Structures are given as C-alpha cells and as structure tokens.
Amino acid sequence: MTMTQTQAAATVTGPARTSVLVVLENELVRCGVTTLLRTVPSVRDVWACSGPVAARELLAEHRPDIVVCHGSGGPAPGLIREAEAVEARVLLLLEDLRLESIDEEVMLSSHGFLMQSDLTAGNLHEAVVRLERGEMPLPAGLARSLMVRVRGAGPVGTSRKISLTPREQQVLSLLAQGMSNKQIARRLTISEHGVKRHVTNLLAKLNSPNRTLAVALALQEGLV
C-alpha cells in the first residue's frame, strides 16, 4: 500500500487515547483533515485513505475508534457497516446541508456530523471530544435539514404514542439543536448527571441506540 493510499500517523505523548481513520476521496480535504487531527491532544494515531478497499484493510488492521468519511457515494453504506463491525464511531463530513444524496442508512448510523466549511482545528477537536464522551456533534442548522429529510421519506412504521415529561421534552429540543450535555445542563440549570439521566430515558423511550437516530425519530414523530 503506497503512501498516497494511506498515511500512518505519528504517536504523540501525553494522555492521547483515540485513533482515527480518515476515508475521503478528495486528496486536499483528506490531507487537511489528517493534519488537523494530529493537532488534537486526545488523538493518538491517524490513518488516511481515499477509498473503501484501503479502508477495509485499515479497519481490520487497526480497529480505529473513529472513522471520518463523506456520506454520499455507492460505497458509503458498506463502509459504515464495516466501521460498525469494529465498533468505530462515524463522523460524517458534510459538504452542505442538502442531504438528498446521503443514504438513509448512512445518515441514521452516523454518530456525529461536521460541516466541511467549518473545518478548523478547534471544531474538529470539539467533535472528537464529544464523540469520546458519547455525545453527538451536530452543526447548527442541521436539525432542520434532518427534519425535512426524515419526514420526506414517509413513515418508517406504525406511529406510536411516546410520552415525554416536560423536562425530557426540553432536553430533546436542545439535543436537536446539537447541544452537548454540558451546554444543556447550563441552559436548564441542572447537573450534567441529570442531563445524562434524561438522555438515557429518551433513548429508551425512542428505542434508539444513539442520539442521531433518536433526534431523527423525534423529528419524524413531530416531538420537536
């Protein structure tokens, strides 16, 4: 495998613990994301490649914690499934808020989203940290696009009555805005532990394994 296909990252000192695989076809964007990731304190290793064949090899060999990729294109669903198989969290890099070209499976299986136009060391650092915490990076404005996308797809199953407490409803609305647990706690003047408890209850009531799917289902059900 040539260095144009994959780039092994240097190991950094300190409490770094997270490894990331970048799978992006555009060489300029791929190199930029890889370079920025190497500045994130908690990131230990970064590997990069341009397509699914090399990605499959790197996933099997290194089992990264996070995979950064685009959601459009035929190979995307397969790549997402392979990332899930090694328990990697998927950070979807979006070129814009028009989600028509992104496969539904890819959208609902992703653990976070980042706008390509917002790529900075700080934003990438925040996205990685939130993924490490089990939170969902969600750019401002994406919740509305998700609502249009999910509702436009029609009902996925029989609509069910979901009963939320007033506080759960508040937390859900703030989740849809892409807020972190800490931000929600500050907004509602409650503890982060309290927020985590409400989020856990929401995931259970919505029968969702992660925040991305919970928000999408909530939007479809008209809960936000």
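Reader: Which residues of helix 7 (residues 166-176) are buried?

Author: Buried means under 20% relative accessible area, exposed means over 50%, and partly exposed lies in between (1.4 Å probe, protein chains only). In helix 7 the buried residues are E168, V171, L172, L174, L175 and A176. Helices (H or I, at least four residues) and strands (E, at least two) are DSSP runs, numbered from the N terminus. After helix 7 comes G178, with a positive phi near 85°.

Reader: What should I know about the model and its numbering?

Author: This is a predicted model, in which local features need pLDDT of at least 70, side-chain atom pairs count only at pLDDT 80 or more, and totals for chains, interfaces and linings use all residues. Residues are numbered from 1 along each chain as its sequence is written, and side-chain values use heavy atoms, with hydrogens and water left out.

Reader: How do I read the sheet, and what is the order of its strands?

Author: Strands of a sheet pair through backbone hydrogen bonds, either parallel or antiparallel. Two strands pair if DSSP finds at least two bridges between them. Here an open sheet of 5 strands has the order 2-1-3-4-5, and the pairing is parallel. Strand 2 (43-49) and strand 5 (112-115) are the edge strands, each pairing on one side only. From one strand to the next, the twist averages 20°.

Reader: Which residues stand opposite each other in the pairs?

Author: Take strand 1 and strand 3 to begin with. They pair in the parallel sense over 4 bridges. V23 has C69 in strand 3 as its bridge partner. Strand 3 is also joined to strand 4 (residues 89-94) by 4 bridges, and these two run parallel. There, I66 faces R89 of strand 4. Strand 4 and strand 5 run parallel too, joined by 4 bridges. L91 stands opposite G112, and L92 stands opposite F113.

Reader: Which residues of strand 3 (residues 66-69) are buried on each side?

Author: I66 and V68 are buried on one side, V67 and C69 on the other, and both faces are covered. Strand 5 also has both faces covered. Its buried residues are G112 and L114 on one side, with F113 and M115 on the other.

Reader: Is T18 buried or exposed?

Author: T18 is buried, because its relative accessible area is 3%. T18 lies in strand 1 (residues 18-23). Contact means heavy atoms within 4.5 Å. Leaving aside neighbours within four places in sequence, T18 is in contact with S42, V43, R44, D45, D65, I66 and E132.

Reader: Which helices lie on the sheet?

Author: Helix 2 packs on the sheet and touches strand 1, strand 2 and strand 3. Its direction makes about 155° with that of strand 2. Axes are lines fitted to C-alpha atoms, for helices over the stretch in contact, and angles run from 0 to 180 degrees between N-to-C directions. Helix 5 (residues 121-132) lies across strand 1, strand 2, strand 3, strand 4 and strand 5, running at about 150° to strand 4.

Reader: How do helix 2 and helix 3 lie to each other, parallel or antiparallel?

Author: Angles under 35 degrees count as roughly parallel, over 145 as roughly antiparallel, 65 to 115 as roughly perpendicular and the rest as oblique. The axes of helix 2 (residues 52-62) and helix 3 (residues 76-85) come within 10 Å and cross at roughly 5°. The two helices are therefore roughly parallel. A55, R56 and L59 of helix 2 meet L79, E82 and A83 of helix 3.

Reader: What about helix 8 and helix 9?

Author: Helix 8 (residues 181-188) and helix 9 (residues 192-205) have axes that come within 8 Å and cross at roughly 110°. They are therefore roughly perpendicular. N181, K182, I184 and A185 of helix 8 meet E192, V195, K196 and V199 of helix 9.

Reader: Which residues have the most contacts inside the largest nonpolar core?

Author: In soluble globular proteins, nonpolar side chains tend to be buried together. A nonpolar core is a set of buried Ala, Val, Leu, Ile, Met, Phe, Trp, Tyr and Cys residues joined through side-chain atoms within 4.5 Å. The largest has 46 residues, and L21, V23, L92 and I184 have the most contacts inside it. Helix 7 gives the most to this core, with 5 residues. A second, separate core of 19 residues includes V40, I66, L93 and L114.
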